[in-house]
Amino acid sequence: ELEEQKKQIISGLEKGQVLEGTVKNITSYGVFIDLGGVDGLIHITDLSWGRVNHPEEVVELDQKLNVVILDFDDEKKRIALGLKQL
């Protein structure tokens, strides 16, 4: 059921599309965003044009953000997101 929902969401995605998501997890290498059923990752290099030592400098947990889809992989169900590209 959940897998089917994920497939449906991913099949509707397009590169360059802007979505609203919620910060779910912050790691040293990036930020995981819940896009309403699927998670995407903003890599630390896509958070800001400036230097970011840790993603916590840019976002906080449960923060709502607009993010742009940079790339996604149907097979692995991975979605690469960007914040600085907006």
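**Contacts, strands and pairs**

Modeller: Start with Ile42, which touches Tyr29, Gly30, Val31, Ile33, Leu47, Leu65, Val67, Leu81, Gly82 and Leu83, leaving out residues up to four places away in sequence. Keep in mind that this is a predicted model.

Biologist: Which residues touch the most other members of the largest nonpolar core?

Modeller: Val31, Ile33, Ile42, Leu65, Ile79 and Leu81 do, in a core of 19 residues.

Biologist: And which elements give two or more residues to this core?

Modeller: Those are β1, β2, β4 and β5. The largest share comes from β4, with three residues.

Biologist: How are the strands arranged?

Modeller: Five strands make a closed barrel in the order β1-β2-β3-β5-β4, and the pairing is mixed. From one strand to the next, the twist averages 55 degrees.

Biologist: Take β1 and β2, then. How many bridges do they pair over?

Modeller: Four, in the antiparallel sense. The two strands form a hairpin with three residues between them. Within this pairing, Asn25 stands opposite Phe32 in β2.

Biologist: What about β2 to β3, parallel or antiparallel?

Modeller: Antiparallel, with five bridges joining them. Gly30 is opposite His43 in β3, and Ile33 has Gly40 as its bridge partner there.

Biologist: How many residues sit between β2 and β3 in their hairpin?

Modeller: Four, and Gly36 in that turn has a positive phi of about 85 degrees.

Biologist: Changing topic. Where is Thr27, and is it buried or exposed?

Modeller: Thr27 lies in the loop between β1 and β2 (30-34). Its relative accessible area is 15%, so Thr27 falls under the 20% limit and counts as buried. Setting aside neighbours within four places in sequence, Thr27 contacts Phe32, His54 and Pro55.

Biologist: Where is Pro55?

Modeller: Pro55 is in the loop between β3 (39-43) and β4. It is buried, at a relative accessible area of 0%.

Biologist: How far apart are Pro55 and Ile33 in space?

Modeller: The distance is 12 Å, C-alpha to C-alpha, for two residues that are 22 apart in sequence.

Biologist: On to aromatics. How many aromatic pairs are there?

Modeller: The count comes to one aromatic pair. The ring centres of Tyr29 and Phe32 are 6.3 Å apart and the planes are at 85 degrees, so the pair is edge-to-face.

Biologist: How accessible are Tyr29 and Phe32?

Modeller: Tyr29 is partly exposed at 41% relative accessibility. Phe32 is also partly exposed, at 23%.

Biologist: Now charges. How many salt bridges?

Modeller: The count is one salt bridge. The side chains of Asp71 and Lys15 form it, at 3.4 Å from N to O. Asp71 is in strand β4 (residues 64-73) and Lys15 in the loop between α1 (2-11) and β1 (18-26), so the pair ties together parts that are 56 residues apart in sequence.

Biologist: Why do you call a pair at 3.4 Å a salt bridge?

Modeller: Because the limit is 4 Å from a side-chain nitrogen of Lys or Arg to a carboxyl oxygen of Asp or Glu, and Asp71 and Lys15 are at 3.4 Å.

Biologist: How accessible are the two partners, Asp71 and Lys15?

Modeller: Asp71 is partly exposed, with a relative accessible area of 36%. Lys15 is exposed, at 56%.

Biologist: Last one, Leu86. Where does that go?

Modeller: Leu86 is in the segment after β5 (78-82).

Biologist: Is Leu86 buried or exposed?

Modeller: Leu86 counts as exposed because its relative accessibility is 52%, and exposed starts over 50%.

Biologist: What does Leu86 touch?

Modeller: Leaving out residues up to four places away in sequence, Leu86 touches Val18, Asn66, Val67 and Val68.

Biologist: And how far is the C-alpha of Leu86 from that of Asp34?

Modeller: They are separated by 18 Å, and the two residues are 52 apart along the chain.

Technical notes
Residues are numbered from 1 along each chain as its sequence is written. This is a predicted model: local features need pLDDT of at least 70, side-chain atom pairs count only at pLDDT 80 or more; totals for chains, interfaces and linings use all residues. Side-chain values use heavy atoms; hydrogens and water are left out. Buried means under 20% relative accessible area, exposed over 50%, partly exposed in between (1.4 Å probe, protein chains only). Contact means heavy atoms within 4.5 Å. Two strands pair if DSSP finds at least two bridges between them. A nonpolar core is a set of buried Ala, Val, Leu, Ile, Met, Phe, Trp, Tyr and Cys residues joined through side-chain atoms within 4.5 Å. Axes are lines fitted to C-alpha atoms, for helices over the stretch in contact, and angles run from 0 to 180 degrees between N-to-C directions. Rings of Phe, Tyr and Trp (its six-membered ring) pair if their centres lie within 6.5 Å; planes under 30 degrees apart count as stacked, over 60 as edge-to-face and the rest as tilted.
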